[in-house]
Amino acid sequence: MICPKCKADTRVKDSRPHADDPTVIRRRRQCDGCGHRFETQEGTVDIVGTRAAKRARAIRFRSRLGTEKYREMKVGWRLRKAAAAEAAETGQPVAEILARWNGVAAPSRPASPHP
Ligand SMILES: [Zn+2]
(Lines give C-alpha, C1' and ligand atoms only; values in the text may rest on other atoms or scores of the structure.)
Protein backbone atom coordinates (compact mmCIF):
# COMPACT_ATOMS: atom_id res chain seq x y z
CA MET A 1 0.00 0.00 0.00
CA ILE A 2 1.22 3.52 -0.77
CA CYS A 3 1.38 6.42 1.69
CA PRO A 4 -1.67 8.77 1.48
CA LYS A 5 0.64 11.77 2.11
CA CYS A 6 3.75 11.22 -0.07
CA LYS A 7 2.86 8.14 -2.21
CA ALA A 8 5.98 6.21 -1.07
CA ASP A 9 5.80 2.52 -0.12
CA THR A 10 4.62 1.62 3.40
CA ARG A 11 5.40 -1.15 5.88
CA VAL A 12 2.97 -3.07 8.15
CA LYS A 13 3.89 -2.48 11.81
CA ASP A 14 1.09 -4.44 13.45
CA SER A 15 -1.75 -6.69 12.22
CA ARG A 16 -4.67 -7.96 14.29
CA PRO A 17 -8.37 -8.84 13.99
CA HIS A 18 -10.86 -6.02 14.61
CA ALA A 19 -12.19 -6.06 18.20
CA ASP A 20 -15.86 -5.81 17.10
CA ASP A 21 -15.67 -7.96 13.95
CA PRO A 22 -13.06 -10.77 13.79
CA THR A 23 -13.57 -11.14 10.00
CA VAL A 24 -11.99 -7.69 9.57
CA ILE A 25 -8.20 -7.28 9.87
CA ARG A 26 -6.75 -3.99 11.16
CA ARG A 27 -3.20 -3.06 10.14
CA ARG A 28 -0.96 -0.29 11.51
CA ARG A 29 1.27 0.99 8.73
CA GLN A 30 4.22 3.33 8.52
CA CYS A 31 5.56 5.13 5.46
CA ASP A 32 9.16 4.38 4.41
CA GLY A 33 9.43 7.87 2.88
CA CYS A 34 7.96 10.37 5.37
CA GLY A 35 7.31 8.21 8.44
CA HIS A 36 3.53 8.91 8.39
CA ARG A 37 1.60 6.35 10.49
CA PHE A 38 -1.93 5.29 9.57
CA GLU A 39 -4.32 2.35 9.90
CA THR A 40 -6.08 0.21 7.29
CA GLN A 41 -8.87 -2.34 7.56
CA GLU A 42 -9.29 -5.38 5.34
CA GLY A 43 -12.58 -7.25 4.95
CA THR A 44 -14.67 -9.07 2.36
CA VAL A 45 -17.24 -7.35 0.13
CA ASP A 46 -20.56 -9.12 -0.42
CA ILE A 47 -21.09 -8.30 -4.13
CA VAL A 48 -23.98 -10.77 -4.57
CA GLY A 49 -25.78 -9.44 -1.48
CA THR A 50 -25.25 -5.84 -2.60
CA ARG A 51 -26.74 -6.55 -6.03
CA ALA A 52 -29.70 -8.43 -4.52
CA ALA A 53 -30.40 -5.49 -2.20
CA LYS A 54 -30.23 -3.07 -5.16
CA ARG A 55 -32.70 -5.22 -7.16
CA ALA A 56 -35.04 -5.43 -4.14
CA ARG A 57 -34.94 -1.60 -3.77
CA ALA A 58 -35.78 -1.19 -7.47
CA ILE A 59 -38.72 -3.63 -7.18
CA ARG A 60 -40.06 -1.81 -4.07
CA PHE A 61 -39.73 1.54 -5.87
CA ARG A 62 -41.65 0.26 -8.93
CA SER A 63 -44.42 -1.32 -6.87
CA ARG A 64 -44.87 1.91 -4.87
CA LEU A 65 -44.99 3.91 -8.10
CA GLY A 66 -47.46 1.68 -9.95
CA THR A 67 -47.04 0.17 -13.42
CA GLU A 68 -48.58 3.06 -15.35
CA LYS A 69 -46.52 5.78 -13.67
CA TYR A 70 -43.33 3.70 -14.11
CA ARG A 71 -44.09 3.33 -17.84
CA GLU A 72 -44.46 7.12 -18.10
CA MET A 73 -41.12 7.60 -16.34
CA LYS A 74 -39.42 5.18 -18.77
CA VAL A 75 -40.79 7.14 -21.73
CA GLY A 76 -39.36 10.31 -20.17
CA TRP A 77 -35.92 8.68 -19.69
CA ARG A 78 -35.86 7.54 -23.33
CA LEU A 79 -36.93 10.99 -24.58
CA ARG A 80 -34.23 12.76 -22.55
CA LYS A 81 -31.60 10.25 -23.75
CA ALA A 82 -32.62 10.80 -27.40
CA ALA A 83 -32.64 14.58 -26.84
CA ALA A 84 -29.15 14.41 -25.32
CA ALA A 85 -27.94 12.47 -28.38
CA GLU A 86 -29.45 15.10 -30.71
CA ALA A 87 -27.97 17.88 -28.58
CA ALA A 88 -24.52 16.30 -28.98
CA GLU A 89 -24.98 16.21 -32.78
CA THR A 90 -26.53 19.65 -33.30
CA GLY A 91 -25.05 21.63 -30.41
CA GLN A 92 -28.53 22.83 -29.34
CA PRO A 93 -29.46 22.82 -25.63
CA VAL A 94 -31.34 19.69 -24.50
CA ALA A 95 -34.14 21.82 -22.98
CA GLU A 96 -34.82 23.49 -26.37
CA ILE A 97 -34.94 20.13 -28.19
CA LEU A 98 -37.34 18.65 -25.62
CA ALA A 99 -39.52 21.77 -25.77
CA ARG A 100 -39.64 21.53 -29.60
CA TRP A 101 -40.61 17.84 -29.40
CA ASN A 102 -43.28 18.58 -26.82
CA GLY A 103 -44.62 21.46 -28.92
CA VAL A 104 -44.11 24.08 -26.22
CA ALA A 105 -41.93 27.16 -26.08
CA ALA A 106 -38.38 26.61 -24.86
CA PRO A 107 -37.74 27.76 -21.30
CA SER A 108 -36.31 31.25 -21.31
CA ARG A 109 -32.71 31.57 -20.21
CA PRO A 110 -31.93 33.77 -17.22
CA ALA A 111 -30.75 37.23 -18.25
CA SER A 112 -26.98 37.52 -18.47
CA PRO A 113 -25.44 39.69 -15.75
CA HIS A 114 -22.90 40.91 -18.36
CA PRO A 115 -24.81 42.34 -21.37
ZN1 LIG B 1 4.74 9.10 3.29
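A residue is counted as partly exposed when its relative accessible area lies between the limits for buried, under 20%, and exposed, over 50%. By this definition Asp32 is partly exposed, because its relative accessible area is 43%. The structure described here is a predicted model.

The secondary structure of the protein chain consists of three helices and three strands, and from the N terminus on these elements follow the order β-β-β-α-α-α. Of the 115 residues in the protein chain, 15% count as buried.

Strand 1 and strand 2 run antiparallel and are joined by seven bridges; Ser15, for example, has Arg27 in strand 2 as its bridge partner. Strand 2 also pairs with strand 3 in the antiparallel sense, over six bridges. Within this second pairing, the bridge partner of Arg26 is Gln41 in strand 3, while Arg28 stands opposite Glu39 in strand 3. Strand 2 and strand 3 form a hairpin with five residues between them, and Gly35 in the turn has a positive phi of about 85°.

A zinc ion is coordinated by the SG atoms of Cys3, Cys6, Cys31 and Cys34, at 2.3 to 2.4 Å. The angles among the four donor atoms are 97 to 115°, and the site is tetrahedral. For comparison, the ideal angle for four tetrahedral donors is 109.5 degrees. Along the chain the donors of the zinc ion follow the spacing C-x2-C-x24-C-x2-C. Cys3, in the segment before strand 1, and Cys34, in the loop between strand 2 and strand 3, are 31 residues apart, and the pair thus links distant parts of the chain. Cys3 counts as buried because its relative accessibility is 0%, whereas Cys34 is partly exposed, with a relative accessible area of 43%.

Lys7 also lies in the segment before strand 1. The phi of Lys7 is near 70°, a positive value in a residue other than glycine. Most residues other than glycine have a negative phi. Lys7 counts as exposed because its relative accessibility is 56%.

The structure holds eight salt bridges. One of them joins Asp32 to Arg11, with the closest N and O atoms 3.2 Å apart. This pair links distant parts of the chain, Asp32 being in the loop between strand 2 and strand 3 and Arg11 in strand 1, 21 residues apart. Arg11, at 49% relative accessibility, counts as partly exposed.

The side chains of Glu39 and Arg26 meet in a salt bridge at 2.7 Å, N to O. Glu39 lies in strand 3 and Arg26 in strand 2, so this pair ties together parts that are 13 residues apart in sequence. Glu39 counts as partly exposed at 35% relative accessibility, and Arg26 is partly exposed at 28%. Arg26, Arg28 and Glu39 are linked in a network of salt bridges. Glu42 forms a salt bridge with Arg27, the closest N and O atoms being 2.7 Å apart. Because Glu42 lies in strand 3 and Arg27 in strand 2, the pair ties together parts that are 15 residues apart in sequence. Glu42 is partly exposed, with a relative accessible area of 43%, whereas Arg27 is buried, with a value of 18%.

A nonpolar surface patch of about 250 Å² is made by Val75, Leu79 and Trp101. Among these residues, Leu79 lies in helix 2, which spans residues 67-90, and is partly exposed because its relative accessible area is 35%.

Notes: Residues numbered from 1 in each chain as written. Predicted model: local features only at pLDDT ≥ 70, side-chain atom pairs only at ≥ 80, totals over all residues. Heavy atoms only, no water. Helix = DSSP H or I, 4+ residues; strand = E, 2+ residues; numbered from the N terminus. Buried < 20%, exposed > 50% of the residue type's maximum accessible area, 1.4 Å probe, protein only. Donors = N, O, S within 2.8 Å, 3.2 Å for Na, K, Ca; no water. Tetrahedral: all angles 85-135°; square planar, octahedral: opposite > 155°, others 65-115°. Pairing = 2+ DSSP bridges. Patch = residues over 30% accessible without salt bridge, like charges linked within 9 Å, V, L, I, M, F, W, Y side chains within 5 Å. Areas by Shrake-Rupley, 256 points an atom, 1.4 Å probe, with all protein chains shown as cover. Salt bridge = Lys/Arg side-chain N within 4 Å of Asp/Glu carboxyl O.
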